Amino acid sequence: MTKLRLHLIAAAAVLCATAVSAQTTAKLKVGLMLPYTGTFASLGTAIENGFKLYVAENGGKLSGREVEFVKVDDESDPSKATDNVNKLIKRDNVDVLIGSVHSGVAMAMAKVAKDTGTLLIVPNAGADAVTGAMCAPNIFRSSFSNWQPGYAMGEVMAKKGIKTVATITWKYAAGDESVRGFKEAFEKGGGKVVKELSLPFPNVEFQALLTDIAATKPEAVFTFFAGGGAVKFVKDYSAAGLKKTIPLYGSGFLTDGTLDAQGADADGIFTALHYADSLGTPKDSAFRLAYAKSYKLQPDVYAVQGYDAAQILATGLTAVKGDLSKKAEFAAAVEKTKIDSPRGPFTVSKAHNPVQDIYLRQVSGKENKVVGIASKALADPGRGCRM
Ligand code: BEZ
């Protein structure tokens, strides 16, 4: 080989290395598509806070890349979701999408993410299909599937010997799937769902349905509501005089991030969720302290899910040295990692949903206190997922 050719090869290698390092250290554009108005507004803010806390703890960077945010208020409106997500991808050129809270919005995001190959991390919405029939190598969830807390509560209530339950929820994927998970476990355990009540999202006119529950006289009620709707439901349930006669149970969103507003009307309610207040682990205590210092607020499950969305992103990014085009390597790294979450360590299934403990909690004062583990290392069945 001539001297000139050797020089050319060496120069090409330097250029190549420079290109790779330029690519891996460029700013990382994170698109936050969350609700900042409406019944889920406080949930969106908590997710953003949690995500940003992890970034701040890492010097404003993820895997060496400075982070820049672009935000969209999705209003928990599925009819606007496709346009919103396309704006983030095509107009704002985001590298990664973080969203959303509402299951219908998240399903629209998952469809676009799947079609375009954009990395999506869902920091709340439980739509079973996101890590079921719509699963994809570039789609992850840091939260739960709707099936998970519902199923865990069905097992708990059947084991308590409760025989008849009425369910009440919003009529959309999150409500339907929470009730379906609950019913699957509760009826397997010998109970019977005697009435299924619902109202459109995000309505809060509960009176007629509460009258129906009183007339049906089930032994207990299971429910899925969250955010502002959960506050109103718990207060109306108590005001209708039902709290004393027909115990209210729920997936834990019913009383998470809501206790200040629900006050004594929430006291004693049992729920199942993958987080609880005062778990008392070193990781959770440090997280709670840092969150309270940064935001002058107590964290809730949504803040934890935001924090863990950032952790999942950091895990994958580190494995691919900042190069998000390496999708298979990113996914392989996340699949084999144990995420050190404030909720307790969890792994991510092949369908990319957390495999996690579901706690049984009871409201006491301003806290969702842990009573026990409702279901250990519960994995969503991932029905219909073919990667
Ligand atoms: C959902 O739509 O998936 C959802 C919304 C709020 C809390 C939990 C789940």
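**Chain and ligand**

Reply: The chain has 12 helices and 15 strands. The model is a predicted one.

Me: Which value does the globule rule give for 387 residues?

Reply: The chain has a radius of gyration of 22 Å, and this is close to the value from the rule, so the chain is as compact as a globular protein of that length. For 387 residues the globule rule gives 21 Å.

Me: What does the C-alpha trace of the chain span along its principal axes?

Reply: The span is taken along the principal axes of the C-alpha trace. The values are about 95 × 40 × 35 Å.

Me: Where does the ligand sit, and how many residues surround it?

Reply: The ligand sits in the largest cavity. Among the residues closest to the ligand are His 102 and Ser 103. The number of residues that surround the ligand is 16.

Me: How many residues of the shell around the ligand are charged?

Reply: By class, 11 residues of the shell are nonpolar and 5 are polar. The number of charged residues in the shell is none.

Me: How much of the ligand's accessible area does the protein cover?

Reply: On its own, the ligand has 270 Å² of accessible area. The share of this area that the protein covers is 100%.

Notes
Residues are numbered from 1 along each chain as its sequence is written. This is a predicted model: local features need pLDDT of at least 70, side-chain atom pairs count only at pLDDT 80 or more; totals for chains, interfaces and linings use all residues. Side-chain values use heavy atoms; hydrogens and water are left out. A residue is near a molecule or strand if one of its heavy atoms lies within 4 Å of it. Accessible areas come from the Shrake-Rupley method with a 1.4 Å probe; for residues, only the protein chains shown count as cover. On a 1 Å grid over the protein atoms alone, a cavity is a set of points where a 1.4 Å probe fits but cannot get out, and a pocket is an open set with protein on both sides within 12 Å along at least five of seven lines; lining residues have an atom within 4 Å of a point. A molecule sits in a cavity or pocket if more than half of its atoms lie within 2 Å of its grid points. Ala, Val, Leu, Ile, Met, Phe, Trp, Tyr, Cys and Pro count as nonpolar, Asp, Glu, Lys and Arg as charged, and the others, Gly among them, as polar. Helices (H or I, at least four residues) and strands (E, at least two) are DSSP runs, numbered from the N terminus. The radius of gyration is taken over C-alpha atoms; the globule rule is 2.2 Å times the number of residues to the power 0.38.
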